[in-house]
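Open the model in your viewer and keep the selection panel at hand.

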Amino acid sequence: MPKIHVVTDSGSDLPKSVRDQYNIHVVPLSIQFGEDIYKDGVELNADDFYRILTEAAVLPSTCQPSPADFVKCYESIAEPGDAIISVHLSSKLSGTYQSAVLASTMVSRRQIHVLDTKAASIGIGLVALAVAEAVQNGASVEEALAVGEKVVDELQVYFVVDTLEYLKRNGRIGAASALVGSLLNIKPVLTLDNGIVAPYDKVRGKAKALNRIFGLLQDYVKAHPQRRIRVGITHANCIDEALQLRDKIYEQLKIDDIIIEYIGPTIGVHVGPGTIALLWYPM
């Protein structure tokens, strides 16, 4: 009986327990600090990454997996006749998606579908999880893909950065460049618009910015009272604020399907310490 396998990249920020439960495979991006190169999640974890980041003289950069990296993964997990759904970081932010597409043409006797989530961090992870759940529940390849595409279309993404410097230096700032040079202590609330970082609002102080993104989820819940909602929260080394946000969502909105995790090195390079992201979609 042919199997369906789910693959994602290290930008997805899914907890290991979730990846293990749903058999989601990860192809890592690489992080480069000067002359030193590490595979995300294999040779460098989030704790060590943020420690090195604060000590480094130069900002790190990321390198997408090569098509050969994807070929190696695809051939190692799937037997001839199997199918693979490969779920990846926004094609507007990284070449990872294109590497996976190219690899899909290099692998024979496996049916490979590559999905552009137009998202980052747990946004990728939520799409991969929805696809993997569908597969576990007996969905066909076409049905599981449709589930993933629906999540991509309905995913809501908002995040607060301590500083725009990391996005600016790494060239990932998109339309949010208009916010550079804002007044002291103005915290931009950012979103992803068709896979590109874009400004949503400007708020004075981080606490108010976090209240703003909570309010957006609150408004969404009120507008969709009959829909079950899954929430993802990721944080760049600011666990206490992330836990406070999680508890507030649980207590005030009665949402208990919440995945919380570090923003790992792949995305942390671009957003910097202190970032918190809140994402959700209707189930």
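Each stop below gives a selection and what is found there. This is a predicted model, in which local features need pLDDT of at least 70 and side-chain atom pairs count only at pLDDT 80 or more, while totals for chains, interfaces and linings use all residues. Residues are numbered from 1 along each chain as its sequence is written, and side-chain values use heavy atoms, with hydrogens and water left out.

**The largest pocket**

Select Ser 10, Leu 14, Arg 19, Asp 40 and Gly 41, the closest to the centre of the largest pocket among its 19 lining residues. A pocket here is an open set of points on a 1 Å grid over the protein atoms alone, where a 1.4 Å probe fits, with protein on both sides within 12 Å along at least five of seven lines; lining residues have an atom within 4 Å of a point. The space in this pocket is about 470 Å³, counted as that filled by probe spheres set on the points, which are joined across faces, edges and corners.

**The second largest pocket**

Next select Leu 89, Leu 93, Ala 120, Ile 267 and Val 271, which lie nearest the centre of the second largest pocket, lined by 25 residues. Its volume is about 310 Å³.

Now select Cys 63 and Cys 73. The sulfur of Cys 73 is the nearest cysteine sulfur to that of Cys 63, 17 Å away, and Cys 63 is in no disulfide (a pair of cysteine sulfur atoms within 2.5 Å). The whole structure has zero disulfides.
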